[in-house]
Amino acid sequence: MMTPEQKFARWVRVSIASFLLMFVYFIVADIWIPLTPDSTVMRVVTPVSARVSGYVAQVYVQNNSQVKKGDLLFELDATPFDNQVEAAQIALAQAKLTNQHLDAQIVAAQASLKTAQLTAQNDRVTFERYQNLSATHNVSQSDLDKVRTTWQSSVQSVNNLNASINALNIERGDRDDARNVTLQKYRNALQQAQLNQGWTQVRAEADGTVSNLQLSPGFYAATGTAALALVHDKTDIVADFREKSLRHTRVGTDAAVVFDALPGHVFKAHVTSSDAGVLAGQQAVNGELSEPQTSNRWVRDAQRMRIHVALDESLPKELPTGARATVQLYNSEGVFARFFSGLQIHLVSLLHYVY
């Protein structure tokens, strides 16, 4: 028969042994079978806005509507943009007519140049003949001067016509319409007008769910101002672990996930990637000196790092972005490690029925 003192001493020994056993278990588990409740379901959320400003003519979706990539979400009144396209088309056509007019002017100037060249050639011959006659004093000096002036004027006319033709050729530009700078300018303006016309129809950039819709016909949608949010279908599960818990974690490491919204269900998963760092490790470049962190604590809080996990099986229902989860990692392939890690995560899944 044990005395009360002996019973107390036995319970003390059992308690100390249990504490030490649990202490060792948690140390080993945190390295080989780590678990974290700091996990969240994340989805990419795209603020949807029009690329051009205008009044909304039609809205084709409602809040929580499921859409596919390319589906029409809403449409702006296209009348002003149709007018811009028509104006750009007219400007391009006018530029082509202007080039045709310049071609006609160049042809006419080239014909005038040939006439001027013939006149200058005849005037030069006349001047040379008068010059020979002047040597024998058969013509007066004034007649020779007149002939010289006529010839010089003819030469100047040829030079002026050459300069005019050169200016017309520069204004005309490249004969190949595909490389003509003037036409390219108006083609670019037409393409931009057509782009703006097409941007009056705002379409989904990915599969997802419409949320926070703030549109109705007649609403003025300004460029870059979000009118709704598109929550993408593709999910990303992020989990935050202590640094030492990730020593043996690699891309492809097996994992298990339990969601608060789906108690009792454990889903197989695997690690897809890990973040390169956290905000605490990013130094702002502001021209100021660094500010070291100070702490009087002997043991500081462990830094947490983020990993990304993907499910190996589908969910029975879609979970909203921000849904909470618990992630269990299988850093060890041992039978005992698998057993205890499975025990941990299944216990958590059952506890979600309570809290």
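**Exercise 1. Thr249 and its polar contact**

Find which side chain makes a polar contact with the side chain of Thr249, and describe the surroundings of Thr249.

Solution. 
- Start with the pair itself. The side chains of Thr249 and Asn331 make a polar contact at 2.9 Å. A polar contact is a pair of N or O atoms within 3.5 Å; within protein, one must be able to donate a hydrogen and the other to accept it, and residues adjacent in sequence count only if both atoms are side-chain atoms.
- Note the kind of model. This is a predicted model, where local features need pLDDT of at least 70 and side-chain atom pairs count only at pLDDT 80 or more, while totals for chains, interfaces and linings use all residues. Residues are numbered from 1 along each chain as its sequence is written, and side-chain values use heavy atoms, with hydrogens and water left out.
- Thr249 lies in the loop between strand 8 and strand 9 (254–259). Helices (H or I, at least four residues) and strands (E, at least two) are DSSP runs, numbered from the N terminus.
- Check its cover. Thr249 has 12% relative accessibility, so it counts as buried. Buried means under 20% relative accessible area, exposed over 50%, partly exposed in between (1.4 Å probe, protein chains only).
- List its contacts (heavy atoms within 4.5 Å). Apart from neighbours within four places in sequence, Thr249 touches Val271, Leu329 and Asn331.

**Exercise 2. The faces of helix 4**

Work out which residues of helix 4 are buried, and what they pack against.

Solution. 
- Take the length. Helix 4 covers residues 181–198, 18 residues in all. Its first and last C-alpha atoms lie 25 Å apart, close to the expected 26 Å. The expected span is 1.5 Å times one less than the number of residues.
- Pick out the buried residues. They are Leu183, Leu190, Ala193 and Asn196.
- Look down the axis. These buried residues fall within an arc of 145 degrees, so they line one face of helix 4. The arc is that of the directions from the helix axis to the C-beta atoms.
- Recall the geometry. An α-helix has 3.6 residues a turn, so residues three or four places apart point the same way.
- Turn to the other face. Val181 and Lys185 are exposed there, away from the buried side.
- Find the partner. The buried residues pack against helix 2 (79–135).
- Finish at the start of the helix. There a side-chain oxygen of Asn180 comes within 3.2 Å of the backbone nitrogen of Thr182.
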